[in-house]
Amino acid sequence: MTLAAAAGHPGFLSPTGVEIAFLLVGLATFGAALITVTTRQLVHAALWLVVALGGLAVEYLLLTAEFIAWVQVLIYVGSIVVLLLFGLMLTRAPIGRSPDADSGNRWIALGVAAASAAALVWVVVDAFRTTWIDLDGPAQGSTKASGEFLFRHWVLPFEALSVLLLAALVGAIVLSRKDREGKS
């Protein structure tokens, strides 16, 4: 008898509707992320990033982590992508194909991405090999506990990221201004 059967879990051969939805949304999110990093059009990459980040928010909802899902939507989809598009507009990035946006290191980047993905999958599978999450029961973490953990342990990284994004926006404005001064 397997560990899953002994614990009363149906196993992989009889997935629930939530598990099927999780898999389908995960595949769609993976596809959007793949298009995001492979497209040569910067604006399209930013819009596919919206789809990928929105898919992650749906995955959080399926895992009954509503607070994290809405934080994902508000901060990443609502702020980061808008800031990215604003920066693209200020620097007058080309709307169509951008051949100069490709560094020619696609195969090296693909190898590093595949190795990183394999290491991440191995670590997650090894860490949660015999752990089952009961999706039908009550939520494991409350909004209060999640918020306290995020704002107690992750405040400095959030603030560092905000300073980095502010510096990127100021840099985009400076680059935009220099082009105008040179043409006058």
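Leaving aside neighbours within four places in sequence, Thr29 is in contact with Ala52, Gly55 and Leu56, where contact means heavy atoms within 4.5 Å. Thr29 is found in helix α2. Because its relative accessibility is 11%, Thr29 counts as buried; buried means under 20% relative accessible area, exposed over 50% and partly exposed in between, with a 1.4 Å probe and protein chains only.

The model is predicted: local features need pLDDT of at least 70, side-chain atom pairs count only at pLDDT 80 or more, and totals for chains, interfaces and linings use all residues. Residues are numbered from 1 along each chain as its sequence is written, and side-chain values use heavy atoms, with hydrogens and water left out.

**The chain as a whole**

The chain has seven helices and zero strands, and its pattern along the sequence reads α-α-α-α-α-α-α. Helices (H or I, at least four residues) and strands (E, at least two) are DSSP runs, numbered from the N terminus. Of the 184 residues in the chain, 14% are buried. Among contacts with a separation of 6 or more, 76% are between residues 24 or more positions apart. The accessible surface of the chain comes to about 13500 Å², and 72% of this surface belongs to carbon and sulfur atoms. Accessible areas come from the Shrake-Rupley method with a 1.4 Å probe; for residues, only the protein chains shown count as cover.

The table sets out the spans of two helices, from first C-alpha to last. The expected span of a helix is 1.5 Å times one less than its number of residues.

| Helix | Number of residues | Span | Expected span |
|---|---|---|---|
| α2 (residues 17-38) | 22 residues | 32 Å | 32 Å |
| α3 (42-62) | 21 residues | 30 Å | 30 Å |

In α2, the buried residues are Thr29, Ala32 and Thr36. Seen down the axis of α2, these buried residues fall within an arc of 60°, so they line one face of the helix; the arc is that of the directions from the helix axis to the C-beta atoms. An α-helix has 3.6 residues a turn, so residues three or four places apart point the same way. What covers the buried residues of α2 includes α3.

On the other side of α2, Leu23, Leu24, Leu27 and Phe30 are exposed. Leu27, with a relative accessibility of 52%, counts as exposed. Together with Ile20, Leu23 and Leu24, Leu27 forms a nonpolar patch on the surface, and the four have about 400 Å² of accessible area together. Patches are made of residues with over 30% relative accessible area and no salt bridge, with like charges joined within 9 Å and nonpolar side chains (Val, Leu, Ile, Met, Phe, Trp, Tyr) within 5 Å. A salt bridge is a side-chain nitrogen of Lys or Arg within 4 Å of a carboxyl oxygen of Asp or Glu.

In α3, Ala45, Ala46, Ala52, Leu53, Gly55, Ala57 and Glu59 are buried. These buried residues of α3 pack against α2 and α4.

**From α3 to α4**

Thr64 lies in the loop between α3 and α4 (66-90). Although Thr64 is not a glycine, its phi is positive, at about 60°. Most residues other than glycine have a negative phi. Thr64 has a relative accessible area of 29% and is therefore partly exposed.

Gln72 is found in helix α4. With a relative accessibility of 7%, Gln72 counts as buried. Neighbours within four places in sequence aside, Gln72 is in contact with Leu53, Leu56, Ala57, Tyr60 and Val77. Gln72 and Tyr60 are 12 residues apart in sequence, and their C-alpha atoms are 8.8 Å apart in space.
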